[in-house]
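Work through the following exercises with the sequence and the model open side by side. Each task is followed by a solution that goes step by step.

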Amino acid sequence: MASSSHAGRVEASWRPASADEGFEIVRRRLFEPLVERDQFVARDTVARAFFDFYRTQHQEFPPECRNSEYEKRLKAAYPIHPEIFDRLYGDWSTLVKFQRTRGVLRLMAAVIHSLWEKGDRNPLILPANIAIDDPRVQFELTRYLSDNWVPVIESDVDGPNALPLRLDGEIPNLGRFAACRRVARTIYLGSAPTATAANRGVEDRRVRLGCVMPGESVAVFGDALRRLSTAATYLYHDGARYWYSTQPTVTKIAEDRAEQLTRNPDKVVQELDKRVRADVRKVGDFPRVHALPQSGQDVPDDMDARLVVLGVDHPYTKEPGNAAEAAAKTIFESRGNAPRLFSNTLVFLALDKVRLQDLDDAIRRYLAWKSILDEQDALNLDPHQVKQAETQLTSADGAVAARLPEAYQWLLVPVQTLPQTPVQWQALRLSGQEALAVRASKKLRNDELLVTAFAGTSLRRELDRIPLWRGNHVAIKQLAEDFARYVYLPRLAEPPVLFSAIRDGLGLLTWDKDSFACADDFDEKAGRYRGLRHGQLANLAPDSPTGLLVRPEIAKQQLDFEITPQTGWTTDTQETPSPRRDSEPLQSRGEPPKHGPKRFHGSVTLDPTRVGRDAARIADEIVSHLAGLMGSTVTVTLEIEAEIPTGTPDQVVRTVTENCRTLKFASRGFETE
């Protein structure tokens, strides 16, 4: 009996201590006992604050934290958080060399001494407060593990060059709480001893339990966990479980490959090209979108409004003459070697130079992860690594999709208030995550820089303001060209917008005051408009109407005369009343109108270094108005005189003579005197 009792006592004395018993062992060995009433009040206040925090946000923490028993555990373990004991007695005690009582005492003695030296004032010691960068603490946490855990700690967990400390320094919202560092410490404590186990890792809810204190935002630590899992070399995760390992993750391979792409930018440009072209399939209010043209030759000279998306070689900055504005001006002014006629149809979308770097980083990360998945067999990836690569690829793809509109945020729009003023470039900042062309068209429409619906009265106002009348009328086709050509006119989405405005104006009951009439054509001999109509009688082809718009006062004269015939009345298309004289009384019935000037001549000296520019401007501003008059004949002759005091070389003589012959010069020649 005595032997039996003795054996029982010996057996009981060797029974390992449990986590709850460890509370008392550590507290008795390392802390003075609580004796004062204020000490018990402080303990109970801290335990209540943590318990209330866990209970009110129970979805963020393990289920047991909402039970009243957990408050008792908080009091029993005070001033150490129970999660530390759960990890040490539950995970670290599985290591062969780790002694449940002595090992915990040695570690906690080092932890408490380190915190005391630093003057730590936290209400509880959480896993996140264990200073793994302290050599004494690090020794206790690595002495039971293989030697290759030290570089893991220095790289991804804690230390002056560790990733968490760097992330906290780069992101103020995380650095304010040292969130990345606290998350990394918690994951290490909960995962290092079980890195090779079947059910390895620590759940995200337990990570938050070991990090967050009352009054802090749980979301901040969630963001830190996400950033660490994306950037760390040795941190793995599978669903909601996270763990460190001594083997680098595929993240390291992805980082190396992304870095290599900085020396091979062609792949990045190709990926951007593909994504931009896919994005601009949604054209918004634009009939068409031109993505990443190489030159103005790639942008047709058509009459519908279009968005031109500039490439990475032409980013926008606020500096005058920046690359985006220079490229836009070149395309705006010319198509290849020929001057562009329909300039009032183009607006430009450019990358922000600063945001371009963020987009480039995102695309390189995406391409890196994509290449890893494409080569998963050659890299001998296990199923978990394949799953991780797939997750990271999805995340990288989403980052590119989000940064594309953030980068393409500058809309460059040519504007001109009056024909006499120069064209100015207006830069509009875009925001939002919609498709590029959709955002751009919405902004232009809201700022009245792109017109998708035009009223007949607005058209009449533009006809009189410039004026756009050619005499007493204007051809509808000519009017469509005017709106596509001249920047001082409203920018119409497409010619049908103009045709709709014409139909709207013709249908007004007050057409004689607010809009216009229309006719099929003008009979020069009879001096009258054929097919003259107005109001509800007007009917135009929906897509491309032909004919003339007629000044309402002239149309009313003809209608009144033909309803009550009187001899001797005619109208002449050469009359060119100015819109400033609309208030003057019309000529009496039966009195023929006065003829305007019938001839025009003019000469001008051109800058020999800018002949193309000046000739194109003369063609737009002078010749087009004269040639647009009904029955007009316009002749333009170019004369060249050159004085060469030193004489002309034979090669230049041959070249100029041959070119003159090819261009069919009527007369030409060099003179010696």
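## Exercise 1: The second largest cavity

The lining of the second largest cavity divides by class into two nonpolar, two polar and three charged residues. Nonpolar here covers Ala, Val, Leu, Ile, Met, Phe, Trp, Tyr, Cys and Pro, charged covers Asp, Glu, Lys and Arg, and polar covers the others, Gly among them. The model is a predicted one, in which local features need pLDDT of at least 70 and side-chain atom pairs count only at pLDDT 80 or more, while totals for chains, interfaces and linings use all residues. Residues are numbered from 1 along each chain as its sequence is written, and side-chain values use heavy atoms, with hydrogens and water left out.

Task: state which residues line the second largest cavity, and what volume the second largest cavity has.

Solution. Begin with the term itself: on a 1 Å grid over the protein atoms alone, a cavity is a set of points where a 1.4 Å probe fits but cannot get out, and lining residues have an atom within 4 Å of a point. Applied to this cavity, the criterion gives a lining of E83, R87, P127, T186, G190, V202 and R206. Next, assign the lining to elements, where helices (H or I, at least four residues) and strands (E, at least two) are DSSP runs numbered from the N terminus; α5 (82-90) and α11 (179-191) each supply at least two of the lining residues. Finally, the volume, taken as the space filled by probe spheres set on grid points that are joined across faces, edges and corners, is about 40 Å³.

## Exercise 2: The surroundings of D301

Task: decide whether D301 is buried or exposed, and identify which backbone nitrogen its side chain reaches at 2.8 Å.

Solution. First locate D301, which sits in the loop between β4 (288-291) and β5 (306-309). With a relative accessible area of 18%, D301 is buried, since buried means under 20%, exposed over 50% and partly exposed in between, with a 1.4 Å probe and protein chains only. The side chain of D301 reaches the backbone nitrogen of L341 at 2.8 Å, and a polar atom of that side chain lies 3.0 Å from the backbone nitrogen of F342. Beyond its neighbours within four places in sequence, D301 is in contact (heavy atoms within 4.5 Å) with R306, R335, P339, R340, L341 and F342.

## Exercise 3: Backbone geometry in loops

Task: determine which residues the cis peptide bond with omega of about 10 degrees joins, and where N380 lies.

Solution. The cis peptide bond with omega of about 10 degrees joins Y78 and P79, and P79 lies in the loop between α4 (68-77) and α5. Another cis peptide bond, with omega of about -5 degrees, joins I466 and P467; the place of P467 is in the loop between α20 (456-465) and β11 (473-475).

Turning to phi, N380 has a positive value near 55 degrees although it is a residue other than glycine. N380 is in the loop between α17 (353-374) and α18 (383-407), and at 66% relative accessibility N380 counts as exposed. E448 also has a positive phi, near 60 degrees; E448 lies in the loop between α19 (436-446) and α20, and counts as exposed at 68% relative accessibility.

Note on methods:
On a 1 Å grid over the protein atoms alone, a cavity is a set of points where a 1.4 Å probe fits but cannot get out, and a pocket is an open set with protein on both sides within 12 Å along at least five of seven lines; lining residues have an atom within 4 Å of a point. A polar contact is a pair of N or O atoms within 3.5 Å; within protein, one must be able to donate a hydrogen and the other to accept it, and residues adjacent in sequence count only if both atoms are side-chain atoms.
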